[in-house]
Protein chains: 2
Amino acid sequence: MRSTMQDVPLSVADLVRYGTAVHGAASVVTWTGGEPRRSSLAEVGRRAARLAHALRELGVTGDQRVATFQWNNQEHLESYLAVPAMGAVLHTLNIRLHPDQIRYIANHAEDHVVIVDASLLPVLTPLLPDLKTVRHVVVAGGGPDDLPAPQAVPDGVQVHRYDELLAGRPEEFDWPVADERDAAAMCYTSGTTGDPRGVAYSHRSIWLHSMQVCMSDGLEVRPEDRVLAVVPMFHAMSWGLPYAALMVGCSLVLPDRFLQPGPLADMVAAERPTLAAAVPTVWQGLVRELETAPRDVSTLRRVVIGGAACPPALMRLFEERYGIPVLHAWGMTETSPLGSVAHPPAGAEGERRWSYRLSQGRLPASVRGRLVGADGHPVPHDGRGVGELEVRGPWVTGSYHRGADPDRFHDGWLRTGDVGTLTPDGYLRLTDRSKDVIKSGGEWISSVELEGHLMAHPDVREAAVVAVPDEKWGERPLAAVVLEPGAAAGFAELRDFLAEHVARWQLPDWWSLVAEVPKTSVGKFDKKLIRQQHAAGELAAVRL
Amino acid sequence: MRSTMQDVPLSVADLVRYGTAVHGAASVVTWTGGEPRRSSLAEVGRRAARLAHALRELGVTGDQRVATFQWNNQEHLESYLAVPAMGAVLHTLNIRLHPDQIRYIANHAEDHVVIVDASLLPVLTPLLPDLKTVRHVVVAGGGPDDLPAPQAVPDGVQVHRYDELLAGRPEEFDWPVADERDAAAMCYTSGTTGDPRGVAYSHRSIWLHSMQVCMSDGLEVRPEDRVLAVVPMFHAMSWGLPYAALMVGCSLVLPDRFLQPGPLADMVAAERPTLAAAVPTVWQGLVRELETAPRDVSTLRRVVIGGAACPPALMRLFEERYGIPVLHAWGMTETSPLGSVAHPPAGAEGERRWSYRLSQGRLPASVRGRLVGADGHPVPHDGRGVGELEVRGPWVTGSYHRGADPDRFHDGWLRTGDVGTLTPDGYLRLTDRSKDVIKSGGEWISSVELEGHLMAHPDVREAAVVAVPDEKWGERPLAAVVLEPGAAAGFAELRDFLAEHVARWQLPDWWSLVAEVPKTSVGKFDKKLIRQQHAAGELAAVRL
């Protein structure tokens, strides 16, 4: 029996129509280093309409991709509204990637237009000759001289100034309502190996995800909130905050390129946000800044931390020194990105409460999770069984654009590459990436857990644990250890120390003393390199 | 371009699977007058599985309707889970309707099974011979003698005891995932004229509506809430609270048949709910009860009032005497029911804030509203233009079951029958029902507004304003007035008094002095009867 409900597609067009009218008074502030630029959702809506008319004139039809190469600012927000609402696909290019990756991504997505902040021209201009499908470059902001040099612009590519392009166009656009499963926006995710992979969000997924961002078990964004969105709009849709603003009418404070601790602290003091969202390193910088130059941050009723595990000390510091509760969240580009959010359960107090809050959080009804063990079988959600997390839901990707990397999917579920546990009440605790976990005899050994215990030994400065091939077990752990200056602990002592905390079969077979653990460009242990060194016989390791 | 998102249907089956596992510890308390019955979502889930197995054995297949004739209690909740999740359609029968309507509705919906509370058998049993499609009656609760008398049960109908039917059956059920647009539940709405009309909610509408109930611009139901659901589960899905509990894990306090002010006050004191939802008359009764016999109601962080306009005095009393904020909401069976919720906008203070809070509230992104004027044309959303509200959205009905009353729909929008204004920032103020409004020369005159002004005159005890036919204008207002004992105000004086508040063309042409305004069975002015009396020449009225 069919329901009698209206068949109304969920669409960014309707979200734009609603948000810019009903919540037109919500403010949109862009930091400039000097006087902030102040606007409103109503004004952003009118400018988005102009932008859509302009893009149509540049030949943007159907589901063509319009790329942005921008910081978090008003013009970027205008594209968030205009491009999906006109039926095209917003492609947020990650400005921090290696030029080779940016080239690959823009070509793979077949971007027709790139809207670029003038301040980012030095990064984009050298790539223009290699962007095969781009026909128009639109430069937002900057002075009269902030345009690519004519000789840097390939034949067939036109350069426009954003404001000139919008000038004089109609302030209304008849936003078409799309099929809700059509692509509205896309974002590429770049692993440490292989080519970047495209995720294409749908009108439906954006709508549902925006609702979750405003739900009590989501980020609880409220109409009266002023949201400082530090998390980049070029990465995983700024955690859904721009569209949440359209949905419930919160105001937005956009930091543009002023992401250093000093300007961020100034922004908080001046714009008085009630909620702010960023990765842990941003907050670590802010805390250090506040220690040397205090500002009033008392308007923040909550800080959302995601993108990487939140160090417990940082969460406690925020709360104990500044009285600001930290909300820990987990997600990835592939999950729109909101996966789990660490609201503690009712009744949890003291350390138990902290433990829930430091977990990756609880999966909401719309993001089902399951664990798959080393043997490919389901792992129980008992808080102990370790497996790779697979997720399924209406805002989780089920493939990559143009079919890349199909082995990242499993019966319609996304293999997250994250390894950890799930509790019966739905809390996720990640312990490792699947590529770093040691698969030993059908069981998994967490490299992160071993490292944590090892680094608790007073003689150990750093320790990285990696998998090395083993004929009998498949893989066995190797520990690469940096001792404190003058420390004398031997491997046997360290192994006995570890044995107090983990099962015997999890103890590393191989031990290596190193001067330093090699790191990646973002400061993480470069476990791939350690494994390569071991394979090449370049690492002196003893078997215990 | 298709998105890469997973194609995951929104389904009650998944909601049940999620809620009973992840939020299994949430409590479900049923009031009994004595010791409350205590259960959990996990236990309710296990019993729902047993119920589903039992219903299959009773021949419930496909999309057959399983009706409930129950108060708010644990067994009713078990049907909320089991019936839609097994792929059948939950039909909540309104126990308060006239027997003729109940007969009509059960036959129109073709109910196969009726689950009935033993305490309601005296109402249902006499109807059994007329319920043509019912094959099974399942009696929940009650003692050994609480069964229909054998001679009252028609041939071909079997009677079962609920607990016996569930006993010994498996506590798990492989809930099938339905097409999200299939019917999951249905509820009939009964107007004052014509046959009741069936609204069939879909899996999709229930899922989206549950999200809205937990959103910051919805009812903001939170995981840690204990929700006292006074609003009946037999009417408009108890405002979405049962499914919201599955979605975010709030606890539920269910009053069963104990809806009198005394037991409700006891429930609040004993079960310490943080949120409660009911129609205004329930809260008026509770307030009177608390005045004579105080109880501790301090756990309530919010009271939701809907179903009828909230008297301003009631809202102020709740806040000023008990410190409990009142959240006013508007909706109807046809809107699942959550339409608008009166959260005031950021920055509104004092009387302006009260005015927003006493409005019907703001329409959320998923419920689009428009006003259609007396002439059939759109009315601007400027807070002044008056029109009939039409709504559109994924949880708004687009037809009635089996095509009843097609003229209640207009280009895919629902004509609500409510008349009022919309502000540019999305707030709805209802002034009248469209059947009561006076359509005069292409303009609308609000009967409720005229009545309000008239009743503010010290000599007027009651006043009802109705439309009477007029050759020139179509309709003109007639005022039927009850004077205070000994009062001497004449019609001319009353008209002059009115003229201070409304435009001249809105003043009643016809005036009638009556001893009492006739009322309907629920105490509302019976305007239909007044119009009939006037038409039959039974009402002495003078033309001014």
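The sulfur of A:Cys250 lies 6.7 Å from the closest cysteine sulfur, that of A:Cys214, which is too far for a bond. Over all chains the structure holds zero disulfides, a disulfide being a pair of cysteine sulfur atoms within 2.5 Å. This is a predicted model, in which local features need pLDDT of at least 70 and side-chain atom pairs count only at pLDDT 80 or more, whereas totals for chains, interfaces and linings use all residues. Residues are numbered from 1 along each chain as its sequence is written, chains are lettered from A and ligands numbered from 1 in the order in which they are written, and side-chain values use heavy atoms, with hydrogens and water left out.

- A:Cys250 is buried, at a relative accessible area of 1%; buried means under 20% relative accessible area, exposed over 50%, and partly exposed in between (1.4 Å probe, protein chains only).
- B:Cys310 is buried as well, with a relative accessible area of 5%.

**Interface between chain B and chain A**

- In chain B, 73 residues are in contact with 73 residues of chain A, where contact means heavy atoms within 4.5 Å.
- About 5,600 Å² is buried between chain B and chain A, and carbon and sulfur atoms give 55% of this area; buried area is the accessible area (1.4 Å probe) that two parts lose on being put together, summed over both.
- B:Met1, B:Met5 and B:Gln6 supply 17% of the area that chain B buries against chain A, more than any other three residues.
- Between chain B and chain A the count is 12 salt bridges, each defined as a side-chain nitrogen of Lys or Arg within 4 Å of a carboxyl oxygen of Asp or Glu.
- A salt bridge joins the side chains of A:Arg204 and B:Glu180, at 2.8 Å from N to O.
- There are 44 residue pairs in polar contact between chain B and chain A, both residues being at pLDDT 80 or more. A polar contact is a pair of N or O atoms within 3.5 Å; within protein, one must be able to donate a hydrogen and the other to accept it, and residues adjacent in sequence count only if both atoms are side-chain atoms.
- The elements of chain B that give two or more residues to the side touching chain A include α1 (12-22), α7 (203-213) and β21 (413-422). Helices (H or I, at least four residues) and strands (E, at least two) are DSSP runs, numbered from the N terminus.

**A buried glutamate**

- B:Glu451 is placed in helix α13 (residues 447-455) of chain B and is buried, with a relative accessible area of 5%.
- Not counting residues up to four places away in sequence, B:Glu451 touches B:Ala463, B:Ala464, B:Val465, B:Phe525 and B:Lys527.

**Backbone features**

- A:Ser336 and A:Pro337 are joined by a cis peptide bond with omega of about 10°, and A:Pro337 is in the loop between β14 (326-331) and β15 (338-341) of chain A.
- In chain B, the peptide bond from B:Ser336 to B:Pro337 is cis, with omega near 10°; B:Pro337 lies in the loop between β14 (326-331) and β15 (338-341).
- A:Ala236 is not a glycine, yet has a positive phi of about 50°. This residue, A:Ala236, lies in the loop between β10 (226-229) and α8 (241-248) of chain A and is buried, with a relative accessible area of 1%.
- A:Asp405, although not a glycine, has a positive phi of about 45°. A:Asp405 is found in the loop between β19 (387-392) and β20 (409-410) of chain A and is partly exposed, with a relative accessible area of 31%.
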